[in-house]
Amino acid sequence: MSAIQLTNLTKTFGTKLAVDNLNFAVEEGSLIGLIGPNGAGKTTTIRMIMSIIFPDSGQISVLGKASAGESKDLIGYLPEERGVYKKMKVGAFLTYIARLKNVPESEVSRRVNGWLERVALADTAKKRCEELSKGMQQKVQFIASVIHQPRLVILDEPFSGLDPVNSRLLRSLVHDLHTQGTTIIFSTHQMSQAEALCDRIVMIHQGKKVLDDTPSRIRNQFDPRAVFIEPVDAIPEQALAALPGVDRVREVGGGFEVFAKDSEPASTMLARLAAAVPATRLEVVRPSLEDVFIDIVKGSASSDEELAELEALARGSRSDTSGD
Amino acid sequence: MRKIFTIAVREFLAVVATKGFVLGLLIPPVIMAVMVTLLPRLMNQKPPTVVGSIAIIDQSGLVAPRLTDAFSKDQMEKRRADKFREASAEVTKRTGVALPDPTKGGPDANAANPMAAAMNNPIAKAQMEQAMGAVPELTVVTLPADTNADATKTQLLDANPRAALPLKDDGTPDETKIATLRKQKLMLLVIPRETVVRAADAKETDNFAGYQLFTAPRLDPEVTADIRDQANRAIIDARLASNQLDVDKVRSLVERPTADQQVVTAAGERKQNEAAAMLVPGAFMFLLWMSVFVAGQYLLTSTIEEKSSRVMEVLLSATSPLELMVGKIIGKGAVGLLVLVLYAGAGILALIAATMLDLIAWQNVVFLLVYFVIAYFIVASLMAAIGAAVTELAEAQALMTPINLVLMIPMLLWLPIMRNPNGTFAQVCSFVPLINPFVMVLRISGPEQIPGWQIAASIFIGVLTVVALVWASAKIFRVGVLMYGKPPNFSTLLRWVRMA
């Protein structure tokens, strides 16, 4: 059975088409990453799933019901626009949210304290929310979204604003939920997070679904065209560029990425390089999801400015990868 | 329902459990208490006891002895007491509180009144001193009839009517210096013979001549007035005596009669109580107005806070917008009710202490609660809609101004409606949506009977208004809570109502 089933979903804001005839299903127990550039329609889609806003046309089915409104207590939702009551104590805030989500009264304090311990915030229960750092607040918000042990968890940009340590903690929490059988869908524009966690990735661009597959199959769809080489002795870039079949060479940390011409398979290039230059490392560069992402978005980018922005975004998220 | 209750409890505690609320609740009554107790004392900081003499050039020879008598210590104290008794009687007449009589000895005659009984006469006397200042020390100096008035007049310039009583180094009054002070002339009266006795050629109906009264600069006006009154009285007495009439007899004959004014109503005669008849309805309406607005303001700011702190969507993941709005309205309504009950309770306690509880009828308190619910839901639905539509408090001002203007109207209507609570104007206002709860509270708590059908009709209209406004604001709330960016205007809000 599908936990979520979207059929021909369309939503416009004024003249802007935010979501355009979107179709996808989320299997119960799966962990799905919803990716896409800023403004792609991820948050709008999630809000429609949560019945916070309503589609112009199309059907939504959530946990077998026509809308999330009928099964709110079975769904955990971490919105993109999230906050806490600044003046409220952390423990009181989580207790309030737990009660709102119909957690049995006898369970409430045990769960609140248990979760705070799990995210290393046990000593903050008596502090006001405004005294917490942004990352700490985000962990509190995550607890708020899962404290009622939901069957379906929807996380909108859960990793934004977290440092590497907390990012890893959150990833392990999400992983735990997944192994317990919770259906999870999260949106992100950090491809590395999606790549590391998800069973399946759905990419939305300009309101349309442009990708829907497992991370490895997505990567395989994109033929690798580059070979990474780390020479034993320093050699000039031009020496590599002069080899036959080489399109261009790019220097990256400690070595070079050699791009083959369209006619050359990467394997031929690998053999040729091995013969020509003594190397400590030599490998075919697997395209990351970032490359795929940029490829897709680039195809539809309308201006140079937009392109430059995307490159910058991709580079930014690539540097995040090392930390995570 | 459980969620609405959970939300309402949080909304209530989020206000009530703050220092700001407790202080805000206490400060107005404290300020009022301070004003009531301290201000009259500050205003009663009388200038030092007036010490000096009144010079009189009496060409008739008939006035000076009487005036001398009028300013003897006994007579002056008696006048004080009379004046105080009159003032107390006036207070009693207007409010029903019996004040103690300082001139009567022994336990107070009015012992049934706990407040009066508590105040024994020495204390009452001290209070009179407090309220009216010390008795001036005045002596009347009769100058020979042929004294030069102009020369004496200049002596008034040397007087210092506000001089403090001179003290010796050890703090006791310096009697020698006080004796000099007693001699200073504060006032000069020049009374021609014709003021008292008619000239031989004058007719019986002619007016008497006037007299001259010179005072030193900066003399306490109350003292001046007293001297003038006594001089007039002495002159009239002298006229009566010079016509061979019995002064005391004539005085008692021309005494102004006192009227015991009562209003005839179906329930029997009762004392007219004009001040209370105006003030009690005003107090009722102000109580209603204040509690409704305090609660409405809290609702507005808390809704805006939830939006601007982005906690709104977290809440909406657990509840529906309608549940959230209703829970918030109920929670803040409980705050308003608490304010209403505390202030009304304090007012009722004050009335019990003053034995004036009969000023308010119990059914009026019930009506006050009924109209509170109506008025609060009207204001609250407007506040919830505005709070949900904007992101910052500053943006709310533009939308609040017209609403505030409409809701200020009841304040302006207080006087016209109280003057004629059953007039056409008051009746029409009772059926105008938005303001009719306030108008009805004003009319019901006033002295006139309001037709039952008007009460029923006004409640019916009030409930209809509430239903319509809650319906519309629920729609605005649902759309507005997740709208960020440009603050909407009224036409946008109307579009949201139609759209949702």
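**View 1**
Ile229(A) stands opposite Leu282(A) in S13(A). In S12(A), the residue opposite Ile229(A) is Phe256(A). The model is predicted: local features need pLDDT of at least 70, side-chain atom pairs count only at pLDDT 80 or more, and totals for chains, interfaces and linings use all residues. Residues are numbered from 1 along each chain as its sequence is written, while chains are lettered from A and ligands numbered from 1 in the order in which they are written. Helices (H or I, at least four residues) and strands (E, at least two) are DSSP runs, numbered from the N terminus.

**View 2. The open sheet of chain A.**
An open sheet of 4 strands in chain A has the order S11-S12-S10-S13, with antiparallel pairing. Two strands pair if DSSP finds at least two bridges between them. At the edges are S11 (246-252) and S13 (279-284) of chain A, each pairing on one side only. The twist from one strand to the next averages 20°. Strand S10 (residues 226-231) of chain A is joined to S13(A) by 5 bridges, and the two run antiparallel. One bridge partner in S13(A) is Glu283(A), paired with Phe228(A). Between S10(A) and S12(A), also antiparallel, there are 4 bridges.

**View 3. Helix H9 of chain A on the sheet.**
Helix H9 (residues 266-276) of chain A packs on the sheet and touches S10, strand S12 (255-260) and S13 of chain A. Two residues are in contact if their C-beta atoms, placed from the backbone, lie within 7 Å. The direction of H9(A) makes about 175° with that of S13(A). Axes are lines fitted to C-alpha atoms, for helices over the stretch in contact, and angles run from 0 to 180 degrees between N-to-C directions.

**View 4. Helix H18 of chain B.**
Helix H18 of chain B covers residues 452-480, which is 29 residues. From first C-alpha to last, H18(B) reaches 41 Å, close to the 42 Å expected at 1.5 Å a residue; the expected span is 1.5 Å times one less than the number of residues. The buried residues of H18(B) include Ser458(B), Gly462(B), Leu469(B), Phe477(B) and Arg478(B). A residue is buried if 20 or more other C-beta atoms lie within 10 Å of its own, exposed if 12 or fewer, and partly exposed in between, with C-beta atoms placed from the backbone. The buried residues of H18(B) pack against helices H13 (321-353), H14 (362-389), H17 (436-444) and H19 (490-499) of chain B.

**View 5. The contact between chains A and B.**
In this view, 14 residues of chain B are in contact with 21 residues of chain A. Helix H1 (2-16) and helix H12 (312-316) of chain B each supply at least two residues of the side that touches chain A. That side of chain B divides into 5 nonpolar, 5 polar and 4 charged residues. The model scores ipTM 0.76 and pTM 0.69.

**View 6**
Chain B contains 19 helices and 6 strands, and 32% of its 500 residues count as buried. The pLDDT of chain B averages 82, with 86% of the residues scoring at least 70; pLDDT is the predictor's confidence in each residue, from 0 to 100. Over residues 105-120 of chain B the pLDDT is below 50. Beyond near neighbours in sequence, this stretch has 16 contacts in the model.

Definitions and conventions: Ala, Val, Leu, Ile, Met, Phe, Trp, Tyr, Cys and Pro count as nonpolar, Asp, Glu, Lys and Arg as charged, and the others, Gly among them, as polar.
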